[in-house]
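Hi everyone, thanks for coming.

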There are 2 protein chains.
Amino acid sequence: VSQFEKRTTELKKLVNQQLAGMLTKKLPITLYDPMRYVLQGGGKRLRPLLVLLACEAVGGKVESCLPAALAVEFLHNFTLIHDDVMDQDDIRRGRLTVHKKWDVSIAILSGDGLVALSYRVLLSKSHPRIAEIGTLFSNTLLEICEGQALDKEFETRKEVAVNEYFVMIQKKTAALMALCAQIGGILGNGTDAEIEALRSFGFHLGVAFQLQDDLLDIVADEKLLGKTWGSDIMRRKKTFLLIHALQQGDATTKSQLQAILQKEVIAQSQVEEVKKLFQVAGTIEATQQHINRHFDLARQYLHRLPSSQGRQFLDRFLDSLVKRQY
Amino acid sequence: VSQFEKRTTELKKLVNQQLAGMLTKKLPITLYDPMRYVLQGGGKRLRPLLVLLACEAVGGKVESCLPAALAVEFLHNFTLIHDDVMDQDDIRRGRLTVHKKWDVSIAILSGDGLVALSYRVLLSKSHPRIAEIGTLFSNTLLEICEGQALDKEFETRKEVAVNEYFVMIQKKTAALMALCAQIGGILGNGTDAEIEALRSFGFHLGVAFQLQDDLLDIVADEKLLGKTWGSDIMRRKKTFLLIHALQQGDATTKSQLQAILQKEVIAQSQVEEVKKLFQVAGTIEATQQHINRHFDLARQYLHRLPSSQGRQFLDRFLDSLVKRQY
């Protein structure tokens, strides 16, 4: 076991203990049971780890940023619950989603409750820059809402440009990863340059991460994925892959894709077909290239920080994301 | 026109201008259009007024608490959007609700966006006690979620005790009014005793306000009400009125009420019947007595503040709530 694995296992354990300790309240049961259910759903805790490792990478202590680390995990889980309602997803991490296990009202409310918990823990520790951190946090929450709104708008639009797609994922996914690394840097008392570098590191990590998500939807093992294979296609999500294939594919590829997209209902049997069309259009490689480019950019920003064990851990963190299979 | 009316008209105009100025962003249209729609729906702006008047009542300046005043209005409007989804209400303030005019996803998302705006403006102004204010705000948001969860749980429960009802409305309604008066007091640099008195003032105001809401659902003019008359009854809401009549009514009244509640669907034609049963059980007067008692308590707490024009304005504010017809 490497030192990195040892450290992240420790930190993940700490995060899980703290999260559990903050969810001991039982009543009203329809509010707190779904919150616990989602938080105990086996998340990877990537975002809190990012906060904690970023803090350590600038020489800060874990204690100073632990509340912020918990806050981003609460916020992330809030987005999962509400997004699953909007996307009508039935399965998440191999289990029923909240609105399926309970109902839509309970999903809305337990998501809202997680936002409250998120801010409560974020603001629980006094800090000279706490108002700034709260503002960054709120701007990010608003960006996440904007990103999700665009994602939904794109579903019913015929054409979405590549740059529109990137704006959407920057808001929906990268903004939060950028925030994690940034507030880790702020709470670790990093210099302005270090904080800026960490923010850009987190941002490109987030862009690469979302592109991977798009790719994994069609290339991953369904068992590992914990959700329905090809669900993006069935929902007509304007992923990078679909936009690329519709733009770069040859005439036959395009018309075959359009024919599938025009169907009343897209069945899972058509996902294999779409996957083949993506391969013909060179979409899989093109996506992988974009992923690599953003991971490289993330690495470059990270290396603006002076070399240290903390920075090395973030290097390993990045490596672990590069290799992820789900 | 009294000085009080002049001042509240000024303050309301200020709040409306500021709210409009914060909602100039156009895109994504499915996020910002519903937010604007709800904010421009002709709300009474009671909560921001309460913040501003409480601040002035302890000698503070409006500028110091204006961001907090806007924050509570955003938060209140968020609760309206999400509650309307959960309660499947079609009409609010005489207009279609967001999920009816658009859809459930857009209602969820624009509600979430209002929470983000709410915290953003709350934390926009630096203040020595900003972390504390943010924590109070978050605790209140969580309480509101708890109150709404209880309200929904009670709908499907056969019996709800009066004290359970009071816990529910304290969380759902009174907590936010208490917060408004409290943070007005904090930002106005009131003494601890003044802030505590203002908090209790707001709290009892909120309890009375919710009891009035329950009562108005059945005694108000539907046109003034801006929503369907008797909707609480049709939704089997465990209002104070229903709980009282089921407990205090005679055997005939109780069994007639139970018969209506056991129907598959409660039609509006049955509301008149229920109203009569409430009258027979003495429910209308009992509710009015509770309302009066909480308004009196609010007044007593208010009068712990030294006499001033600011305090007098809060007295008039209370009077205006006592008299409200919708």
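**A walk through the model**

Let's start inside chain A: Tyr119(A) and Phe137(A) are both buried. Please keep in mind that this is a predicted model.

Across all chains, the structure has 13 aromatic pairs.

How are the copies related? Chain A can be laid on chain B by a turn of 180° and a shift of 0.0 Å along the axis, with an RMSD of 0.0 Å. The two copies are thus related as by a two-fold rotation axis. As for the interface, 100% of the interface residues of chain A are interface residues in chain B too, so the copies meet through the same surface.

Rings also turn up with charges. In chain A, the charged end of Arg324(A) sits over the ring of Phe209(A), 3.8 Å from its centre. In chain B, have a look at Arg95(B), whose charged end sits over the ring of Tyr37(B), 3.8 Å from the ring centre.

Now please find Asp315(A), in helix H16 (residues 309-322) of chain A. Is Asp315(A) buried or exposed? With 8% relative accessibility, Asp315(A) counts as buried. What does its side chain meet there? The Asp315(A) side chain makes polar contacts with the side chain of Arg299(A), at 2.8 Å, and with that of His303(A), at 2.9 Å. Leaving aside residues up to four places away in sequence, Asp315(A) touches Arg299(A), Leu302(A) and His303(A).

Last, some backbone. The peptide bond from Leu27(A) to Pro28(A) is cis, with omega near -5°, and Pro28(A) is in the loop between helix H1 (3-21) and helix H2 (29-39) of chain A. In chain B, a cis peptide bond joins Leu27(B) and Pro28(B), with omega about -5°.

Gln88(A) is not a glycine, yet its phi is positive, near 50°. Gln88(A) is in the loop between helix H4 (62-87) and strand E1 (91-92) of chain A, and at 66% relative accessibility it counts as exposed. Arg93(A), also not a glycine, has a positive phi of about 50°; at 27% relative accessibility, Arg93(A) counts as partly exposed.

How values were computed. Residues numbered from 1 in each chain as written. Chains lettered and ligands numbered in written order. Predicted model: local features only at pLDDT ≥ 70, side-chain atom pairs only at ≥ 80, totals over all residues. Heavy atoms only, no water. Least-squares fit on C-alpha atoms with pLDDT ≥ 70 in both. Contact = heavy atoms within 4.5 Å. Phe/Tyr/Trp six-rings, centres within 6.5 Å; stacked < 30°, edge-to-face > 60°. Buried < 20%, exposed > 50% of the residue type's maximum accessible area, 1.4 Å probe, protein only. Lys NZ or Arg CZ within 6 Å of the ring centre and 35° of its normal. Helix = DSSP H or I, 4+ residues; strand = E, 2+ residues; numbered from the N terminus. Polar contact = N/O pair within 3.5 Å; in protein donor to acceptor, adjacent residues only side chain to side chain.
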